[in-house]
Amino acid sequence: MTYYQAIVARLTERFSPENVITVNPEILAADIPLVEALEKLEIELSQQDKDYINMWPRGLQQAVRWATHAAVDRPEEERLAVTFGGAPSSFFEVTIWETSGGMAIQFRGPVPF
């Protein structure tokens, strides 16, 4: 499993249809770094994962935090599952799609480590 596949699999599992109802929206609303929010959501992150996420531009970290907040800051029966994806790129990018059935967040960036 590639690095991107491993980290996005853990993120997707936490925001899966079965688990999204247990996500506390207040954690994602807080003005804290993305890594800290993910840790508070009990997503397993290695030091390598944390270092890589902390390399992302602050605006992209905030975009991911606020997008996931938007997916869960609604009544439980209306919460959106979030599917994450990742791919190598020369530049850091985040693309976010939302439909009535869910949300997808695609990370692109330099290959880590």
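Is Val20 buried or exposed? With a relative accessible area of 3%, Val20 is buried, where buried stands for under 20% relative accessible area, exposed for over 50%, and partly exposed for anything in between (1.4 Å probe, protein chains only). The model behind these values is a predicted one, with local features needing pLDDT of at least 70, side-chain atom pairs counting only at pLDDT 80 or more, and totals for chains, interfaces and linings using all residues. Residues are numbered from 1 along each chain as its sequence is written, and side-chain values use heavy atoms, with hydrogens and water left out.

First, the overall layout. The protein has five helices and three strands, taken as DSSP runs (H or I of at least four residues for helices, E of at least two for strands) and numbered from the N terminus. Along the sequence they follow the pattern α-α-α-α-α-β-β-β. For 113 residues, a compact globule would come out with a radius of gyration near 13 Å, and the protein agrees, with 13 Å; this radius is taken over C-alpha atoms, and the globule rule is 2.2 Å times the number of residues to the power 0.38. The C-alpha trace spans about 40 × 25 × 25 Å along its principal axes.

As for the surface, the accessible area of the protein is about 6100 Å², and carbon and sulfur atoms hold 54% of it. Areas come from the Shrake-Rupley method with a 1.4 Å probe, and for residues only the protein chains shown count as cover. Buried residues make up 43% of the 113. On the charge side, there are 9 positive and 16 negative side chains, with the centres of the two sets 4 Å apart. Lys and Arg count as positive here and Asp and Glu as negative, leaving out His and the chain ends; each charge is placed at NZ of Lys, CZ of Arg, CG of Asp or CD of Glu.

Next comes the inside. In soluble globular proteins, nonpolar side chains tend to be buried together. The largest nonpolar core in this model has 29 residues, and Phe15, Ile53, Phe84, Ile105 and Phe107 have the most contacts inside it. Such a core is a set of buried Ala, Val, Leu, Ile, Met, Phe, Trp, Tyr and Cys residues joined through side-chain atoms within 4.5 Å. Two or more residues each are supplied by α1 (3-14), α2 (25-29), α3 (34-40), α4 (47-55), α5 (58-72), β1 (82-88) and β3 (102-109).

Setting aside neighbours within four places in sequence, Ile53 is in contact with Ile7, Leu34, Val35, Leu38, Leu45 and Gln61. Val35, one of these partners, lies in helix α3 and counts as buried at 7% relative accessibility. With neighbours within four places again left aside, Val35 is in contact with Leu45, Lys50, Ile53 and Asn54.

The loop between α1 and α2 holds both Val20 and Pro17. Beyond four places in sequence, Val20 is in contact with Arg14, Phe15, Val72, Arg79 and Leu80. Val20 and Arg79 sit 59 residues apart in sequence but 7.0 Å apart in space, C-alpha to C-alpha. Pro17, by contrast, counts as exposed, at 56% relative accessibility.

Ala104 lies in strand β3 and is partly exposed, with a relative accessible area of 25%. Not counting residues up to four places away in sequence, Ala104 touches Thr83, Thr95, Ile96 and Trp97. From Ala104 to Leu60, 44 residues apart along the chain, the C-alpha separation is 15 Å. Glu42, placed in the loop between α3 and α4, has a positive phi of about 65 degrees although it is not a glycine. Glu42 is exposed, with a relative accessible area of 72%.

Key:
Contact = heavy atoms within 4.5 Å.
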